[in-house]
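This report describes the chain shown below, from its overall dimensions to single residues and strand pairings.

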Amino acid sequence: MEEKKKRGVFFKIVFVIIAILYAAVIELSKNTIPGWIAAALIFAAFFIIRPVFVEKKWYFRLCTWLVLALLLFINFKLTYPPYRQVPAVSNKDPEITDVVSVTEGDLTGVYNEDKSVEVYAGIPYAKPPVGELRWKETQAPESWDGIRACDTFAPMSMQTESSTLWNSLVGMYIYNDYHLFDPTDNYREAKSEDSLYLNVFKPAGDISNAPVLVYIHGGSLKTGQSYYKEYNGEAYAKRGIVFVSITYRLNVFGYYANEELIAESPNGTTGDYGLLDQIQALKWVNANIASFGGDPSNITIAGESAGSSSVNALCVSPLSEGLFRRAIAESSGIVAHTPYHTFRTMDDALIMGQDVLKEFRKKSVADLREVPAEKLVETQYSHDSMTVDGYAIAEQPYLTYEKGENHEEALLNGFNAHESDVFNILGEEITTENYDPILREYFDKRDIDPSVDTASKILALYPVNEENVKAQYNDVLSGTWFAYSHDLWSRYMAAEGRPVYQYYFNKENPGLSTNHAGELPYFYGNLDTNPRNYDEADYEVSDIIMSYIVNFCKSGDPNGAGLPGWPDFSQDETLVLELSENVGMVTNPYLQLYDILDDAQGNDRAVR
């Protein structure tokens with residue numbers, strides 16, 4: 001009797017633990033509601049029949065547990081969240097807009113909940129880059145008959161996909177952005193190789209000659225989408241801006257390079273297909289934005305992270321001249337002599353192109369075009385960089401700036417206080433013992449002239465911090481990877497006599513805070529997407545930032561009535577505008593590091 005009682009207690013403990021763990025897994029994996037119902041029935045049935053097998057031999061009991069595990073696994077797989085395209089607005093059954101005519105045909109959008117904004121989602125700006133058009137220059141879109149309903153965002157560009165469980169954990173512990181038991185998010189966002197679409201957010205009603213802001217998303221040129229909630233364009237449309245967000249080819253589809261492709265291209269190009277997509281999107285906007293009330297002669301391009309590097313590339317591309325006037329760049333650039341990320345040599349790109357052929361056991365690009373996109377995207381080689389192809393990018397970007405042939409007539413740009421921290425969360429453990437050798441190995445590889453010995457200079461400036469060595473390490477990389485490119489970019493603009501305004505985002509919060517991309521909800525007016533992370537002070541800072549950006553889009557000068565003064569960078573190149581609890585000018589925290597990096601880069605032209 002005592003043994004039977006012990007077995008019963010053991011069973012209940014194990015049963016409860018398994019049930020809790022399974023509930024956590026299907027919640028974090030966003031399994032559909034039928035999965036919860038089936039799980040409840042499975043556990044209930046298992047508990048009810050427990051007396052039947054509790055007295056049996058151990059191997060019979062083990063088999064019963066295995067049956068339970070099998071049923072739960074089958075339920076998990078069958079109710080895993082399906083792929084779905086995301087609606088253009090969150091309100092149900094939105095009202096449809098009047099018909100808008102563009103070059104390719106007629107279309108309609110939808111109104112947001114208070115009917116203050118019209119949203120046109122999933123407008124094709126190019127021909128689908130599939131089949132024979134994989135790794136071809138971007139083609140103009142085809143026309144359509146009838147009225148196209150643009151009420152749903154197109155799939156994101158083909159990219160690798162983390163498990164929904166992992167994404168939920170990241171949202172929970174890094175972004176502080178996870179909502180338990182939310183039945184509206186039980187899906188995975190669709191992705192496709194057919195992804196060259198854009199979205200237009202405009203003020204409701206008849207407008208004309210409104211400033212236009214075209215946003216290019218980040219994601220290391222490997223991931224991302226045009227419609228992420230933190231840069232949703234409704235807030236700017238409410239302020240009188242026509243906001244456009246675009247997709248472009250990513251990773252191996254956007255930045256693959258191969259000698260065969262050079263030979264078959266009429267322009268002798270390869271390696272920058274994603275950038276060519278962005279240029280085609282700008283051409284479409286120039287041709288059609290007046291139909292939405294936008295002014296094609298007053299276009300500002302903006303981007304964050306790899307999107308900011310893309311903005312920098314667009315500023316030097318001979319193909320984008322005349323397609324925009326101003327640029328906003330957040331947390332990245334490629335204007336260094338040897339950019340620290342998002343850029344590579346053509347030789348390196350071509351070597352990787354051959355590696356991919358070998359990886360998939362293909363002899364030619366034609367063979368590689370036959371590989372399904374879902375398989376090709378899983379390549380082990382990281383295509384996260386643009387290159388000088390002689391067509392989309394004619395030369396190293398800094399050379400174009402030295403000649404003063406860059407396109408942006410004004411620049412608003414900057415960086416965050418802790419850019420690199422989020423990249424090093426799961427990286428190598430940094431200790432007082434390995435701090436010195438890790439930094440030496442990193443900088444020694446990048447010294448153009450070994451006699452410069454950048455590592456020794458940086459270690460003298462940033463000696464090991466016994467109390468928080470990881471923070472010290474992250475600070476060095478934040479200044480190197482991100483902040484330096486903005487100081488250099490700003491100096492080039494100032495040397496040309498063009499208006500330039502540099503910021504330093506330092507507003508802390510319980511979410512992504514001042515890490516890379518932490519400024520996004522402030523810059524684009526989307527703090528409401530996760531209000532638990534923000535208080536009244538955050539909304540005040542966001543309002544100031546957006547006012548600066550609206551003014552910049554209108555005139556190239558962010559200053560305006562009631563705003564803290566933001567002097568042109570050329571007035572004092574040691575100062576940046578701190579966007580924090582108090583908005584005002586402060587000394588750039590990385591000035592001494594910049595001098596060291598200038599020496600490392602052999603940079604003697606954009607001198608302070």
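A polar contact is a pair of N or O atoms within 3.5 Å; within protein, one of them must be able to donate a hydrogen and the other to accept it, and residues adjacent in sequence count only if both atoms are side-chain atoms. The model is predicted, so local features need pLDDT of at least 70 and side-chain atom pairs count only at pLDDT 80 or more, while totals for chains, interfaces and linings use all residues. Residues are numbered from 1 along each chain as its sequence is written, and side-chain values use heavy atoms, with hydrogens and water left out.

Helices (H or I, at least four residues) and strands (E, at least two) are DSSP runs, numbered from the N terminus. Asn-465 lies in the loop that links helix H16 (454–461) to helix H17 (469–495). Its relative accessible area is 28%, so Asn-465 is partly exposed; buried means under 20%, exposed over 50% and partly exposed in between, with a 1.4 Å probe and protein chains only. The C-alpha atom of Asn-465 is 9.5 Å from that of Thr-431, which is 34 residues away along the chain.

Thr-480 belongs to helix H17. With 1% relative accessibility, Thr-480 is buried. Apart from neighbours within four places in sequence, Thr-480 is in contact with Tyr-340, Phe-443, Leu-593 and Leu-597, where contact means heavy atoms within 4.5 Å.

| Side chain | Backbone atom | Distance |
|---|---|---|
| Asn-465 | nitrogen of Glu-467 | 2.9 Å |
| Asn-465 | nitrogen of Asn-468 | 3.2 Å |
| Thr-480 | oxygen of Val-476 | 2.9 Å |

**Strand pairings**

Two strands pair if DSSP finds at least two bridges between them. Strands S2, S3 and S6 make an open sheet in the order S2-S3-S6, with mixed pairing. Strand S2 (100–102) and strand S6 (147–149) are at the edges and have a single partner strand each, so one side of each is left without a neighbour in the sheet. From one strand to the next the twist averages 35°; axes are lines fitted to C-alpha atoms, for helices over the stretch in contact, and angles run from 0 to 180 degrees between N-to-C directions. Strand S3 (residues 105–108) runs parallel to S6 and is joined to it by three bridges. In this pair Leu-107 is opposite Arg-148 of S6.

Strand S5 (residues 117–124) has eight of its eight residues buried, so it is largely enclosed by the rest of the structure. Two bridges pair S5 with strand S4 (residues 110–111) in the antiparallel sense, and Val-110 is opposite Val-119 in S5. The two strands form a hairpin with five residues between them, and Lys-115 in the turn has a positive phi of about 60°. S5 also runs antiparallel to strand S10 (residues 197–203), to which six bridges join it. There, Val-117 stands opposite Pro-203 of S10.

**The chain as a whole**

The chain holds 20 helices and 18 strands. Its radius of gyration is 27 Å, close to the 25 Å that the globule rule gives for 608 residues, so the chain is as compact as a globular protein of that length. The radius is taken over C-alpha atoms, and the rule is 2.2 Å times the number of residues to the power 0.38. Of the 608 residues, 55% are buried.
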